[in-house]
Structures are given as structure tokens and as C-alpha cells.
Amino acid sequence: MRAIVRIGVAVLSLALGACASLSGAQRDRATETVVQARSTQVDGTRMDACAQRSPLRDLAARAFAQSTPEAPVHYALILDRGPDALLARVNLIRSATTAIDLQTYIFDEDDAGRLVLDELLAAARRGVRVRVLIDQLAALKHVETLAALAGAHVNFELKLYSPVLGRAQISYPQYALAAACCWRTLNQRMHTKLLLVDGAVGITGGRNYQDDYYDWDDEYNFRDRDLLVAGPVAHVMRDDFALFWNDRRSTPVERLDDVGGWLLTAGVPALPPAHFERPQRAQAMLRDAADSALIEQRLVSQAIRVGHVRYISDTPEKHQAVNADQQAVASGSLRSLIESAREEVVLQTPYLVLSDAAQDMFRQLHERPFDERPKIIVSTNSLAATDAFIAYALSYKYKRRYLREFGFNIFEYKPFPEDAPIDIAATGAELPDLGFDEDSAADPASLSASRALKGESGGTVASAASPSQPPPQDLSQTHRELRERYDRRSALERDQYRRALSREYSALRYSSRGANQPVPLQRAGVRIGLHAKSMVIDGRIGVVGTHNFDPRGDHYNTESAVVIEDRAFAQALRASIHRDIAPANSWVIARRDKPPVFSGLNYSIGKMFEAMPVLDLWPMRYATSYEFVPGPDCPQPLLPSNPDFRACYQPVGDFPEVSTGLKGITTRIFTAFGAGLAPIL
């Protein structure tokens with residue numbers, strides 16, 4: 001009892017301490033401290049700030065030279081591979097001559113984050129104005145780092161968007177206090193992501209600044225997508241960034257209570273030298289970013305010349321409106337595009353949790369006459385692949401509705417895709433040597449397991465395990481021990497799994513670690529989760545952005561997207577998504593076989609429970625996952641609507657690849673009781 005009392009007093013003290021804040025005079029003193037500490041030395045002596053020549057930056061010069069007010073020209077480059085996305089960023093930062101504006105939801109202090117941060121500081125020191133705006137709930141981890149950056153250089157400015165309780169970092173009690181006093185404000189986050197160089201070329205899309213967005217994590221990485229756009233639309237991006245930068249919610253870090261308090265107590269600390277977990281990988285990236293021929297070959301050669309480009313973005317006004325829908329520019333624009341479809345909508349989102357407005361729209365599309373009804377293809381995460389377990393549970397609840405009432409064709413991404421644009425070698429994963437010569441192995445199952453664990457698949461970009469090959473049953477005891485050592489279940493305590501929902505769902509950031517971590521799987525390997533947010537309309541309009549097509553994007557987060565009406569670009573984007581839904585990379589969701597008796601009763605009861613906000617306890621779900629089985633009569637994948645579908649696909653269960661256990665139970669619990677969470681998901 002005494003221990004409980006002590007804990008309660010400590011929690012109360014911390015919560016009350018969150019109410020204490022610096023006075024205006026103290027904030028001014030902290031600001032003066034950093035102003036005096038900022039270096040004014042500029043290393044660059046040329047008019048172009050000693051910028052490095054960049055073929056990517058040259059795309060912008062070419063676009064502006066070819067543009068007229070009536071006929072703008074742009075160059076668009078889809079960045080599917082994580083290392084390419086990081087390479088493009090570093091190369092562009094080095095090419096800046098006047099200004100760099102960076103806006104993001106997450107900025108971590110791991111290898112990828114620190115590498116980009118060092119490049120931004122180097123640009124500032126050579127004379128480029130650098131402005132960095134990060135959402136407060138996912139900003140750099142350490143107050144000391146923020147204090148050091150505040151006073152680093154006169155050309156470098158750092159602000160946090162919508163700081164909760166006027167702080168850069170908050171503890172659990174402080175978060176609970178904020179949730180109690182100002183829930184809506186706590187959830188109003190800046191999910192917009194943009195890197196803009198010289199107001200001429202920009203990158204936007206799903207990626208934040210963290211290892212797992214660039215294939216640099218040895219446990220879990222995202223299959224994500226960015227879009228680089230060079231040309232006149234960059235001016236729109238520049239103006240949009242200025243709205244956020246000048247908004248009252250964007251606060252210089254030195255004026256926050258914890259950072260300002262550090263500065264007043266200890267002054268401006270020096271930023272410690274970078275200590276990369278894998279320095280060879282970081283050095284290779286820095287070297288490649290200086291190789292113009294490599295940039296030309298890997299990136300510029302893939303750019304597509306397009307005409308008019310739209311950048312649609314919510315502004316901070318969305319967080320001022322009594323009804324956020326009034327200012328949800330991105331959501332409204334994306335729905336208008338979908339409503340314009342006549343043939344096909346290809347939608348990719350990591351979290352299939354739809355807002356009421358989106359559900360109404362898709363229901364109306366499906367109610368059109370048959371010959372006017374567009375085909376809806378949806379690419380999303382499976383439970384095995386997702387980083388947001390609770391979001392998947394809500395998606396699982398409404399599978400019947402999505403398939404039957406909206407006409408969706410749903411493809412769920414596998415955790416070990418065989419043909420994904422993921423560079424497994426870049427992750428640095430250390431996988432076990434099973435201790436025998438593969439060339440002399442007689443057992444095909446053992447050979448397959450060996451290759452799976454070592455990350456081999458016969459290609460340059462592949463998964464670390466083949467999802468179609470079951471774990472071997474005849475390994476020696478030593479081999480079994482090695483599998484246990486590298487099994488996902490043995491890694492659940494690692495820090496990587498403690499930050500899952502912190503990526504997208506700020507409202508659930510401080511829920512239990514068990515609720516946040518990805519589910520345990522049946523085998524080891526570098527897990528891949530889908531994070532791309534893209535759409536193709538009728539094969540002629542392509543969209544890449546930050547919107548998850550979810551209630552958070554409609555009501556809470558600010559979002560942005562690039563819209564390009566160009567058939568060549570749209571077809572390239574469509575091909576990228578279709579690669580993700582290929583049988584090697586995704587399962588298909590389809591109706592179960594009807595039970596031999598009482599199928600109508602089972603359907604009606606299941607539908608009744610689905611409509612209930614709680615107590616959805618009916619165990620017989622409408623749909624399950626299917627795997628394509630190629631053969632002489634099944635040469636090509638089919639949609640579930642095809643009459644030959646069941647002859648070419650076999651059911652693999654509701655949660656394939658998952659070591660179900662408690663997670664299977666909790667998934668069904670959230671299905672039954674968690675519908676009330678949908679508005680914040």
C-alpha cells in the first residue's frame with residue numbers, strides 16, 4: 001500500500017509539474033542565449049553557397065525553362081526504394097543555393113535522421129537558410145539535442161508544431177493531463193511532409209526521418225513511396241510551408257519550457273558528433289550522394305515529364321475551424337477525385353479505417369448502375385505486416401461491409417514479400433548461419449529455410465524469408481535453437497517495437513507496449529510493413545501524398561498530396577501498386593465458403609453484430625485471406641469476382657503468418673469493443 005501511495009504521489013507531482021512554465025521574461029532570456037551562441041561563420045564564399053551540382057536540381061532548371069504560364073512543365077520521379085529516397089534527399093540538400101524548408105511528422109535521432117540533420121547543418125554553415133518544422137509529438141528524442149540545435153547557427157532555425165503543454169517532450173503523466181484537459185488539441189497534429197529546396201524542387205509522400213523508412217532497420221522496415229517534383233508547383237509548396245512556419249502553433253524550440261529551462265540552466269550545449277550504428281552504410285550513402293553519374297542513372301533517368309501538377313494541402317486553418325471538415329482541403333479533394341472515377345480506383349493505404357464520409361462515398365459508387373460502377377482495388381496491410389495492430393482490428397471488423405457493400409477488392413501486404421522494392425542488404429540484419437553447406441543439402445525444406453533466414457531469394461531486392469515455404473520440421477536441435485534465437489517472438493522487448501503507434505496515431509502513443517508492438521510471427525526475417533499512401537484514378541490521374549484515407553486525416557491531421565493528371569505517370573504509379581498486390585507480395589481477401597447449413601442466418605447475425613459499436617462477438621467472420629495457387633488452369637491471378645477464383649486460390653486463415661496466441665484474442669476483442677476508437681484512427 002505504501003508503494004502504491006508513493007507512486008501516486010510521484011505521478012501527481014509530475015502531472016502538476018507539467019503545469020509549471022517559464023515566464024515571458026525567462027523565454028526571452030532563453031531566446032537571447034541562443035541568439036548570442038549561434039555561429040555566424042559562413043564557409044561558402046561563392047554566390048551559390050558552394051552548392052554541389054545535382055542532376056536532380058537540374059530537373060527544376062529544365063522544367064522552369066520549358067514552362068510558360070499557360071503550359072507549365074514539371075518532372076516527376078516516383079521514389080519507391082528507401083535508399084533512393086534518402087539518396088535524393090541528401091543530394092538535393094547539398095545542391096541548395098539559397099533555402100531549404102523541411103516539414104515532417106517524425107524526426108528521429110537514429111542513423112538516417114542524424115545523417116540528414118548533419119547535412120542540413122552543413123548547408124546552413126555554407127550560407128543556406130534552413131528551416132525545420134517538426135510535429136511536437138514525434139520530434140527529436142532529447143531535450144539536449146534540441147537545445148544544441150537552437151543555438152547551432154544563425155542560418156538554422158527549428159520549430160515544433162503544436163507543442164502540448166508548451167514542452168518539447170512530455171512524460172506519460174503529462175500526456176494523461178493533456179488528454180484530460182484538451183483532447184482535441186492533443187490530437188490535432190501536423191502530418192504534412194515536405195522537403196523543399198530553393199523553392200524549385202520538392203519531395204513529399206509517406207516517409208518521415210527514421211531508419212525504417214529507408215530500409216535501414218534490421219527488424220522492421222516500411223514499403224513506402226515518395227514523389228519528387230521539380231517545376232513551378234514548388235512555388236505553391238513554398239507558400240504552403242510559409243503558412244505553417246508563420247502560424248502561432250509553430251514554436252521556436254528555445255521558447256519551450258523544457259528546452260528553455262535547459263538553456264537557462266546549462267547554456268547551449270555542443271551537438272555531439274554523430275555515432276552511426278553502421279558507419280560504413282552512412283559513409284556509402286554520403287559518397288553516393290556526391291556521384292552525379294550515379295544520381296543520373298538511378299534517379300534522374302526515371303523522371304517523367306508531365307504538364308500541370310497540383311499540390312493540395314490542409315493549412316493550419318484546419319485546426320482553427322470549429323468543424324475541421326470545413327478546412328479539410330486534402331480530404332475533400334481526394335474524395336472528389338474518387339467520385340470522378342468511371343472505370344477504376346486503385347487505392348493504397350496502410351490502415352484501412354474509413355471515415356463516415358468516405359464510407360458514404362464508396363457505398364454510393366457501388367450503387368451506381370453496373371456498367372457505370374468503377375472497379376475498386378485496395379492495397380493495405382495484413383495483421384502480420386502492420387505496425388498498427390489496433391487499426392487493423394478495426395479494419396478486420398468491417399471486412400464484410402468493404403467487400404459486399406463497397407465492392408472492394410482487398411489485397412493485404414505480406415510481412416515477407418518476395419518481390420518488394422526493399423533493399424534487405426541495407427538493413428544490416430545479422431541472420432544466422434545454419435552451419436551446413438547449402439550446395440550439399442539434400443533436404444529441399446532445409447535448403448529453403450537456410451536461404452530464407454539468410455535473406456537470399458535470387459534477386460537484388462527481396463525479403464528475408466519466403467512466405468510460401470512453411471518452416472522445416474526436421475531441423476536438428478541446434479538449428480531449432482538458432483530459429484528460436486532469431487524468431488520474432490524473441491525480439492518483442494526491443495525498442496523498435498515500442499514505438500509502433502507513435503508513427504501515426506498520436507492519441508495512442510502512450511498506450512501499453514503490448515498494444516503497440518507488431519504481432520509475433522511464426523518465423524524470423526526482416527519484416528516489411530506497407531506505409532505508402534497513393535491512388536490512381538481511371539489510369540490517368542496519379543496521387544501520392546501523406547493522407548491515410550482515414551478519420552484522422554479527415555478530422556485531426558493536416559495532410560497533403562501531389563495530383564498529376566498524366567497517363568504515363570498514372571500508369572507508372574499503377575504498376576508500382578500492382579507490384580505490391582501481386583501474389584508474391586499480398587494475400588487476397590474474399591468471402592468464405594458458405595457453410596452447408598444456415599448460411600443465411602449466419603450472415604444476418606454477423607451483419608447485426610457488425611453494426612453494433614460494441615459487443616461484436618459473432619465468431620464466424622464473413623471473409624478470410626486467400627493465397628494464389630498457380631497451375632495449368634490458373635496461369636494468372638484473378639479477382640474474387642471471377643467465377644474461377646476458388647479454383648485458383650486456397651484459404652490461408654484470417655491471420656496468416658501470425659503466431660496467433662494472445663494477439664488473435666486481442667484482435668477479436670478490439671473487433672468487438674474498439675469501434676469507438678475509429679474517429680481517432
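The structure is a predicted model, in which local features require pLDDT of at least 70 and side-chain atom pairs count only at pLDDT 80 or more, while totals for chains, interfaces and linings use all residues. Residues are numbered from 1 along each chain as its sequence is written, and side-chain values use heavy atoms, with hydrogens and water left out. Helices (H or I, at least four residues) and strands (E, at least two) are DSSP runs numbered from the N terminus.

Strand 1 (residues 74-79) is mostly covered, with six of its six residues buried. Here, buried denotes under 20% relative accessible area, exposed over 50%, and partly exposed the range in between (1.4 Å probe, protein chains only). In a regular strand the side chains alternate between the two faces of the sheet. In strand 1 both faces are covered: H74, A76 and I78 are buried on one side, and Y75, L77 and L79 on the other. Two strands are taken to pair if DSSP finds at least two bridges between them. Strand 1 is joined to strand 10 (residues 304-306) by three bridges in an antiparallel arrangement, and H74 has V306 as its bridge partner in strand 10. Antiparallel pairing also links strand 1 with strand 8 (residues 226-230), over five bridges; in strand 8, V229 is the bridge partner of A76.

An open sheet of ten strands shows mixed pairing and the order 11-18-17-16-12-13-14-19-20-21. Its edges are formed by strand 11 (309-313) and strand 21 (649-653), each of which pairs on one side only. From one strand to the next, the twist averages 25°, with axes defined as lines fitted to C-alpha atoms (for helices over the stretch in contact) and angles running from 0 to 180 degrees between N-to-C directions. Within this order, strand 19 (residues 586-591) and strand 20 (residues 623-628) are antiparallel and share four bridges. The residue of strand 20 that bridges to V588 is Y626.

The loop between strand 14 (408-413) and helix 17 (424-427) contains E418. This residue is partly exposed, with a relative accessible area of 32%. The C-alpha atoms of E418 and N585 are 5.9 Å apart in space, although the two residues are 167 apart in sequence. K414 occupies the loop between strand 14 and helix 17 as well, and K414 is buried, at a relative accessible area of 2%. A polar atom of the K414 side chain lies 2.7 Å from the backbone oxygen of P583.

Helix 10 (residues 257-266) has D257, D258, V259, G260 and L263 as its buried residues. Among the elements covering these residues are helix 2 (24-37) and helix 6 (143-150), where contact means heavy atoms within 4.5 Å. Helix 10 is followed by G267, which has a positive phi near 80°.

Positive phi values also occur in residues other than glycine. L165, with phi near 60°, is placed in the loop between strand 4 (156-161) and helix 7 (172-181); L165 is partly exposed, with a relative accessible area of 24%. E657 is likewise not a glycine and has a positive phi of about 75°. E657 belongs to the loop between strand 21 and helix 25 (661-673), and at 7% relative accessibility E657 counts as buried.

Definitions and conventions:
A polar contact is a pair of N or O atoms within 3.5 Å; within protein, one must be able to donate a hydrogen and the other to accept it, and residues adjacent in sequence count only if both atoms are side-chain atoms.
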